[in-house]
Amino acid sequence: MTYSKCRVCREPAIIDLPRHNANFCAEHLLQLCRRQVQKAISDHDMLSFDDKILVAVSGGKDSLAVWDILTELGYRADGLYVGLGIGDYSDISYDFTAAFAGERGLDLQTIDLRGEYGYDVPTAAKVTKRVPCSACGLSKRHLFDKAALDGGYDVVVTGHNLDDEAAVLFGNALRWDVEYLARQFPVLPARPGFPKKVKPLVRLTEREMAAWCIVRGIDYQVEECPMALGNKHLAYKEALNAIERESPGSKSAFYLNFVDKMAPILAGHSQAASGELNDCAVCGSPTTGETCAFCRLQDRVSGREPVPVELVLNKKARKAYLAAQSAAEE
Amino acid sequence: MIVRLRQPKRQISIEGVRTVNQLLDSLDMNRESFLVIRNGTLVPGDGRLDDDDTIEIRPVVSGG
């Protein structure tokens, strides 16, 4: 039994959204999500219906939701999944992605890091002695850019949501990292060697995206990436959610007001966006040096013996990972 | 009631809580970070819960 009513139709609500000071039924939650995506697309000139779109999909709620919403709105969107080689987590994530695409008749392309480039994320993390998310992000950015350019796509869509962007902004603001702040906007315009990249979910929280998937019957990877356990991004999200609980609407005000008010002030402050670039000597991608970061990484780690996931986790993350493995076997 | 938790998957039994918000508060879970699902349907914060319910508390925060 539910007491709260949908703000729109007064039928029983399925979700309370304190930041809107309102409750919604399933139908009007979906309507809210669609409208927020349409507003983001319109406000930031993200997409047109003529665009050939490539969605970066991971099997998680956000990337499957954004693919679902764009397709539902009538956009032409294919998916690209990169197999990162993170043990069972990657295998299960691929299964969710393939099932989603298969059930809807959508075109899904896949790249297997180990099969095609000779390494995986745990091995890269071990060899480079850097946090796993660093090698993961670098690899995905390069491969999505390359696939978009090679495939003649007009734009790459990612599933970054309001919580993701607010957490990144929080981290950048803690350091007043102007270089990163000047690049943290919902649209990255195309440049020579780089496709246009857009984030249509920046007006929606991850709670709303999870709710979208549940209402729409989308099965997704609920478990956390073992490599991300205990990372700073999660700590920033936890801090922001503690603030949001006390002051609903804080996250959206923090990020969306940054986009509205700081974008004009920070315009032109990104050296990476305006600096001169060379062609990578190996792959031809744009780089500030002779060889791009992806090719340097591949050169260091390709062909190495695969490193098991648990060997690159810190003590706390390893404990959580082994508990998850044990639960999965029961 | 039976409560299924994720990250990692596990199950606990709780009695005496009457609403979703009470349940999340009793487990020290921030309402902004979780959704509660009963029989495949979302239940809002003031949604009533019964001791014979089986529900899932699903975390929504991801770190990738």
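In helix 7 of chain A, the buried residues are A:Leu162, A:Asp163, A:Asp164, A:Glu165, A:Ala166, A:Ala167, A:Leu169 and A:Phe170. A residue is buried if 20 or more other C-beta atoms, placed from the backbone, lie within 10 Å of its own, exposed if 12 or fewer do, and partly exposed in between. Helices (H or I, at least four residues) and strands (E, at least two) are DSSP runs, numbered from the N terminus. The model is predicted: local features need pLDDT of at least 70, side-chain atom pairs count only at pLDDT 80 or more, and totals for chains, interfaces and linings use all residues. Residues are numbered from 1 along each chain as its sequence is written, while chains are lettered from A and ligands numbered from 1 in the order in which they are written.

The cover over the buried residues of helix 7 of chain A includes helix 9, helix 10 (232-246) and helix 11 (250-266) of chain A; contact here means that C-beta atoms, placed from the backbone, lie within 7 Å. Just after helix 7 of chain A comes A:Trp176, with a positive phi of about 45°.

Helix 10 of chain A also matters where the chains meet. There, 33 residues of chain A are in contact with 24 residues of chain B. Helix 10 of chain A gives the largest share of the side of chain A that touches chain B, seven residues.

Helix 9 (residues 206-216) of chain A lies across strand 3, strand 4 and strand 5 of chain B. These strands belong to an open sheet of five strands in chain B, with the order 2-1-5-3-4 and mixed pairing; two strands pair if DSSP finds at least two bridges between them. Strand 2 (10-13) and strand 4 (41-42) of chain B each have a single partner strand, so one side of each is left without a neighbour in the sheet. Strand 3 (residues 34-38) and strand 5 (residues 54-59) of chain B pair in the antiparallel sense over five bridges. One bridge joins B:Ile37 to B:Glu56 in strand 5 of chain B.

The peptide bond from B:Gln7 to B:Pro8 is cis, with omega near -5°. Phi of B:Gln7 is positive, near 55°. B:Gln7 is partly exposed, with 17 other C-beta atoms within 10 Å.

How values were computed. Two residues are in contact if their C-beta atoms, placed from the backbone, lie within 7 Å. Axes are lines fitted to C-alpha atoms, for helices over the stretch in contact, and angles run from 0 to 180 degrees between N-to-C directions.
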